[in-house]
Amino acid sequence: MDTVQMNRRANLRTVLEELSAEGITGAVTRASVLGVDDRELHAMLRGKYISNESAREIEWAMQRREGWMDEDHRRGLLDL
């Protein structure tokens with residue numbers, strides 16, 4: 001798996017955790033908030049390719065800047 005896909009998958013998990021912390025649970029509800037189909041969300045979590053279109057949609061839905069999903073945001077956590 002390439003680095004961008006690894007980052008997108010890790011960042012997808014991060015935004016799903018944020019949604020859960022806000023009380024937004026359930027696959028269908030979270031997928032709806034992110035602007036993706038619930039089956040697509042499940043497939044992405046299981047390793048399906050996360051397209052540029054899906055990544056940009058998730059960024060928009062979560063009020064992140066364009067390209068955020070492609071970046072590694074875990075480094076700061078490893079430095080603790």
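A charge is taken to sit over a ring if NZ of Lys or CZ of Arg is within 6 Å of the ring centre and within 35 degrees of the ring normal. In this predicted model, Arg64 lies over the face of Trp68, at 4.5 Å from the ring centre. Local features need pLDDT of at least 70 and side-chain atom pairs count only at pLDDT 80 or more, while totals for chains, interfaces and linings use all residues. Residues are numbered from 1 along each chain as its sequence is written, and side-chain values use heavy atoms, with hydrogens and water left out.

Helices are DSSP runs (H or I, at least four residues), numbered from the N terminus. Two packed helices are described by the angle between their axes and the distance between the axes. Here, axes are lines fitted to C-alpha atoms over the stretch in contact, and angles run from 0 to 180 degrees between N-to-C directions. Angles under 35 degrees count as roughly parallel, over 145 as roughly antiparallel, 65 to 115 as roughly perpendicular and the rest as oblique.

Helix α1 (residues 3–21) packs against helix α2 (residues 27–34) at an angle of about 110 degrees, the axes being 11 Å apart. This makes α1 roughly perpendicular to α2. The crossing of α1 past α2 is right-handed; a crossing is right-handed if the near helix is turned clockwise from the far one by less than a right angle, and left-handed if anticlockwise. Contact means heavy atoms within 4.5 Å. On the α1 side, Leu12, Val15, Leu16, Leu19 and Ser20 meet Arg30, Val33 and Leu34 of α2.

Between α1 and helix α4 (residues 52–61), the angle is about 30 degrees and the axes are 12 Å apart. The two helices α1 and α4 are therefore roughly parallel to each other, and α1 passes α4 in a left-handed crossing. Arg8, Leu12 and Val15 of α1 make this contact with Asn52, Ala55, Arg56 and Ile58 of α4.

The axes of α1 and α3 cross at roughly 125 degrees and come within 10 Å, which makes α1 oblique to α3. Arg9, Leu12, Arg13 and Leu16 of α1 are in contact with Leu41, Met44 and Leu45 of α3. Just after α3, Gly47 has a positive phi of about 115 degrees.
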